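Subject: Structure handover

Hello,

Please find the structure below.

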Amino acid sequence: LASSPGDTLQKGCVDFRDIVSRLIETVIVPLLPLHIFGIFLNITVSGQVAGIMSMFLRVILVIFVLHVVLLLIQFSIAGVIAGKNPLRLLKNMLPAYATALGTQSATIPVTLKQTLRNGVRESIAVFTVPLCATIHLAGSTMKITACAMAILLMSGQAIDPAAFSGFILMLGITMVAAPGVPGGAIMAALGLLGTMLGFDETLQALMIALYIAMDSFGTACNVTGDGAIAVIVDRIAGQRPGEPQNA
């Protein structure tokens, strides 16, 4: 599309993208609570609700710890590259984390404001933060991976390291194209879960329920990590002559 002189096909792809995003945002996501309610009714009738809820709580705790570790790694790398205190960089991004945790959205204005507080130049921040809000979904990718592994273990299925490694690599690519709406990441990953890990409709429904229950945690991790990426990009870009540096 980039090398084609015309823009007809490109406009068609953009329109199709908007249709998919609108369908997920206005139809699928609003109906998900009803779908999940039906899943838990079925689980309750079958007498499995106690075990599944216990598993859900353990998975949530593990994912929260993994997100903390991921953020510490990201900001440690950013601190080393930029020559700044990583804990101070992470502390400045906490308002963005808290906002995303409460709203389940990318919170670009808050993320941008806190990124500027970390000394990133405005010209770099206004480019990096909105771009990362679309393509940087490390927290969501980690959450989907952990949830998929937990559900496989719960259902008694063996985990094939080779297949799971391939799933993680494909998931990383898929997340770049995930719709930017609540629950968009898991909807984009359903095809991979079915074809690469053998998830049937029941397991996919459990996956949706588990993911949606923790959607805000993944979003908060994503947007907070955007600040670390912005710091790295700012350092790589260097200082242009005459360009002001943020305090």
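In helix H5 (residues 108–117), the buried residues are Thr111, Gln114 and Thr115. Buried means under 20% relative accessible area, exposed over 50% and partly exposed in between, with a 1.4 Å probe and protein chains only. Helices are DSSP runs of H or I with at least four residues, numbered from the N terminus. Glycine 119 follows H5 and has a positive phi, near 85 degrees.

This is a predicted model: local features need pLDDT of at least 70 and side-chain atom pairs pLDDT 80 or more, while totals for chains, interfaces and linings use all residues. Residues are numbered from 1 along each chain as its sequence is written, and side-chain values use heavy atoms, without hydrogens and water.

The whole structure has 2 aromatic pairs (rings of Phe, Tyr and Trp, the last by its six-membered ring, with centres within 6.5 Å; planes under 30 degrees apart are stacked, over 60 edge-to-face, the rest tilted). One of them is edge-to-face, because the rings of phenylalanine 64 and phenylalanine 217 have centres 6.2 Å apart and planes at 80 degrees. Phenylalanine 64 is in helix H2 (residues 49–82) and phenylalanine 217 in helix H11 (residues 215–237), 153 residues apart.

The count of disulfides (cysteine sulfur atoms within 2.5 Å) is 0. Cysteine 147 is buried at 0% relative accessibility, and cysteine 13 is partly exposed at 38%.

Regards

How values were computed
Helix = DSSP H or I, 4+ residues; strand = E, 2+ residues; numbered from the N terminus.
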